Amino acid sequence: MIMKKYSIQFILFSALLFSIALLTNYLIDPYRIFHKPWVRENYYVPEMRIQASGIINTEKFDSIVLGTSMADNFSPAEASKVFGQKFTNISLNGSSLAERSLVLNYALEKKKLVNVISSLDPDTFDKDSITGTPIAPYAYLYDGITSNDLQLYASDPTILRFALCRNILFTSDMLCHDTRELEDLTEWHSIKAQKERFGGLHNWLTKSNDHQIKAALANILKSIQVINSGQAKAVNWAEVARETSKNQQVFTDCLLYYAAKYPKTKFYLFFPPHSRLRYAIMKQSNPQAFEVYLEILRFVVRESKRYENVKVFGFETELFLDDIANYKDTTHYHQRFNSKMLYWMKNGEHELTTSNLDDYIKDITTRATNYSVNKIGDQINDYSSGSFIRGKNGMAEIMDDPR
Amino acid sequence: MLFNSYIFIFVFFPIVFFGFFHIGKHNHSLASLWLVAASLFFYGWWNVSFVGVLLASIIFNYSTGYLIGHRVARPPLIQPVSQLATQPKSLLFWAIAVNLTLLGYCKYANFFATNLNQFAGTALPIGEVFLPLGISFFTFTQIAFLVDTYQGKVKEFNFVHYTLFVTYFPHLIAGPVLHHKEMMPQFAKQNVCHLNWNNVAVGLTIFVLGLAKKVLIADWLADFSSPIFNAVKAGGQPMLFEAWFGALEYTLQLYFDFSAYSDMAIGLSLMFNVRLPMNFNSPYKATSIIDFWRRWHMTLSRFLRDYLYIPLGGSRHGKAQRYLNLMITMLLGGFWHGAGWTFIIWGGLHGLYLILNHVWCGFKTKMAWNDGGKLAKLGAGALTFLAVVVGWVFFRADSCSSALTMLQGMVGMNGVSLPASLEGKIGPYFVQYDWLVFSGLHPLTNPDGTHALAILSLGLMIVWILPNMKQLFQQYRPVCIDVKEGTQSAESHLPLMLKGIFSRHFQWQPNKKNALVMAVLFLITLSRITRISEFLYFQF
């Protein structure tokens, strides 16, 4: 009898606690999947792969920025001012094009979007499905079925922390200090550790423990070895064609498909202006990767021409790319260029068309070829010969980093 | 289907459970059939074609066993020469050969082909691996049945019960390695189909604890150990602390993973009124390697002892032969775990450990030394643990060279890396030593060092201090008691003060507080089942 009572108690307690947790989470709804705040203050959680769904469900807007970290720093308020629409930024850090297409599809189905600004990071074209990507566990939030969204609040006990946070019972934000306002939900430019890395190479080197800096320095030094030894692999055009073909398919399925399906929505697609150093490394130490990039450029511009609602932009002819001080690593630029890009896109400046593409490609190829990667390497070595890295192999240690 | 999946917990198990007891009210045989069908469905969930292999193996072994049993029970007075091939001994020989051929083909063909190609210059084709899950387990289980039938120990030949004994879903994929004599009588009992709340309550609790062990501890440990071994596979050279972290984390991960599976299997089975044998008895509390093998994967050790070591001659033909038998048994035991040189080396290493252990015991007896005091036991326990950890490095590594790289790291041959925060304090005193750097405790993989240390400490505390499942539920007898333990109880290692706490607080009681604690643990565990995480022993 005791055992029967215990078994039933176990089942009842499980059911009861589960229901309480689920109800609490539903009431608080920190990701606003189901409703705007009822009993809590207005805040947003910067886990964008979840939060984007909630914003689409409950916020009013008619235009979106949906890119990678290259688009994180677009200010929704500024975009709204420039384009004269109501923007929100739901960019997903480090996302593939396939991941973004899941969110884009959902946003287009739920809202009548006027504008979509999206970054075209060529290295995010490689995956044709979301399987294994960080958004995969949350795909149910974007399937249009509201009832299964409850899974979110049944599957993660840490979400319960919001029950003790900035609501009608608890004023403390100790357990939700990571929350933000909608305007600055995605931006990283005000984060101290990121901000400090702009301004020049020395600011990278003093933050050499940062994984992005480690990867950047390792990449630079390895590339210099390849360039100086003349061992850069010759371009295998068959491989270029194969890689390009896959990328083209992903671009068509994940972006152009929606442009065709929603002709009234304007798509502003831009190739992020990574540092010249990055393109130079690619061009000089891995020319095949550079050729793949150029092929993607050609394909994107050529195919987009078929859609009146798609505009493609490339900013690589700008001089700011040459100055490493504008970057916190080889790829991420300062937010003032996000601001400039908004105006350029609105005004049609730097738009790539079939008529200006060849000149553009010629120009950026020349710039990437002429940029001195060695000069940057010398600066790194000068710095490391001081007290930068102490270890048995000095800078070689960075190069041995397996990542 | 995995035990740690929603589909198993909320769909498969409830249907099978209630179905079994509902049918069992009316017909015992039908209830057994229901369980067989459910087990085959469970197995087929991975790959339907595996079910064919399993059924073929069952039919073959049952038929052969039946023939052997029939002839052993009623041997003909005069044996015509033409029937020699159907003599029990011949039948047994051929049946074992067929079983081992199937296992060898599925599991070892590529290993032999690869090695022959490499060392003998042959060009044997390397085929695609077709390895039915749990083949090692169901093959061993059935070989034991055949041998026992030959020895006249098998009395029951009910086909449904035999099929259930082999396919019974709680143990099918990763053991325990069952013995027919401890299972078939349980399936045959009439009251097996009657819902027993004692067994339900205890089984449910053991299942929840096992699930928590797997999801909350083993999977968490894997997040730390796997990157280190993967980095070594990719050519990285771990420094002292990182190598130790990797080895210790894997040592704990393997234990928590496998013992969690065994606990879940025991708990699930108990709910069906069937007691499985115990498979783990706090192995990391062992004070010698002999003791370790009485506590680790106990049902496999029993199988290897009864069906390999003893038939080889055991200890009956002098010391040299005994050591040789030990080495052969452990080498084959290692090879059973996987088709790779690392597993063979792991087995060989344990064979060597066991030989040294026996030599040491013999020496102690000769010198009339006693077991020593607590300090000596602590030292013996530490040495045993160290030896086991070294063995697991081979067990986990993808290749012998990776294992050696890890071991080099563990003895400091790849240098030492300390937390960067210490550089300012002690760095100036070590400037001239290039083996010392300040790149953190995990310079190769860079995970959060605090968490790694915390999970390691927690894991070690659990395996060294807390009681095991059997001790927690001792008064409810959750396991069948056929496996000989012959080990000291876990309590005997505890300081006196802890023994009191141990007996007062670590005996599970069916009360409201425990129901609440288990419910909370269950919910937290369920919420963490967010990824597919197979059990390590599935691969064997």
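Let's start with charges: over all chains, the count comes to 19 salt bridges, a salt bridge being a side-chain nitrogen of Lys or Arg within 4 Å of a carboxyl oxygen of Asp or Glu. Before we look at some of them, note that this is a predicted model, where local features need pLDDT of at least 70, side-chain atom pairs count only at pLDDT 80 or more, and totals for chains, interfaces and linings use all residues. Residues are numbered from 1 along each chain as its sequence is written, chains are lettered from A and ligands numbered from 1 in the order in which they are written, and side-chain values use heavy atoms, with hydrogens and water left out.

Take Arg197(A), which forms a salt bridge with Asp329(A); their closest N and O atoms are 3.4 Å apart. The two come from distant parts of the chain, 132 residues apart: Arg197(A) sits in the loop between helix H6 (192–195) and helix H7 (201–205), and Asp329(A) in the loop between strand S5 (310–314) and helix H12 (335–347) of chain A. Helices (H or I, at least four residues) and strands (E, at least two) are DSSP runs, numbered from the N terminus. Arg197(A) is buried, at 1% relative accessible area, and Asp329(A) is buried too, at 3%. Buried here means under 20% relative accessible area, exposed means over 50%, and partly exposed is in between, using a 1.4 Å probe and protein chains only.

Now for a pair within one helix. Arg298(A) forms a salt bridge with Glu295(A), with the closest N and O atoms 2.7 Å apart. Both lie in helix H11 (residues 287–304) of chain A, three residues apart, about one turn of the helix. Arg298(A) is partly exposed at 26%, and Glu295(A) is partly exposed at 25%.

Over in chain B, Lys214(B) and Asp257(B) form a salt bridge, their closest N and O atoms 2.7 Å apart. Lys214(B) belongs to helix H9 and Asp257(B) to helix H10 (residues 240–271) of chain B, so the pair ties together parts that are 43 residues apart in sequence. Both residues are buried. Through salt bridges that share partners, Lys214(B), Asp219(B) and Asp257(B) join into one network.

Staying with chain B, its secondary structure comes to 21 helices and two strands. Of its 540 residues, 54% are buried. If you look at its contacts (heavy atoms within 4.5 Å) with a separation of 6 or more, 76% are between residues 24 or more positions apart. Thr139(B) counts as buried, at 1% relative accessibility, and touches Asn99(B) and Leu103(B), leaving aside residues up to four places away in sequence.

How do the two chains meet? There are 36 residues of chain B in contact with 21 residues of chain A. The area buried between them is about 2600 Å², with carbon and sulfur atoms giving 68% of it; buried area is the accessible area (1.4 Å probe) that two parts lose on being put together, summed over both.

Back in chain A, have a look at strand S3 (residues 115–119). Five of its five residues are buried, so the strand is largely enclosed by the rest of the structure. In a regular strand the side chains alternate between the two faces of the sheet. Both faces of S3(A) are covered: Asn115(A), Ile117(A) and Ser119(A) are buried on one side, Val116(A) and Ser118(A) on the other. Strands pair if DSSP finds at least two bridges between them. S3(A) pairs with strand S1 (residues 63–65) of chain A in the parallel sense over three bridges, and Ile64(A) stands opposite Val116(A). Five bridges also join S3(A) to strand S4 (residues 266–271) of chain A, again running parallel, with Tyr268(A) as the bridge partner of Ile117(A).

Finally, a backbone detail. Most residues other than glycine have a negative phi. Arg32(A), though, has a positive phi near 45 degrees. Arg32(A) lies in the loop between helix H1 (2–28) and helix H2 (48–58) of chain A, and is buried at 1%. Arg477(B) also has a positive phi near 45 degrees. That residue is in the loop between helix H19 (469–472) and helix H20 (496–505) of chain B, and counts as partly exposed at 44%.
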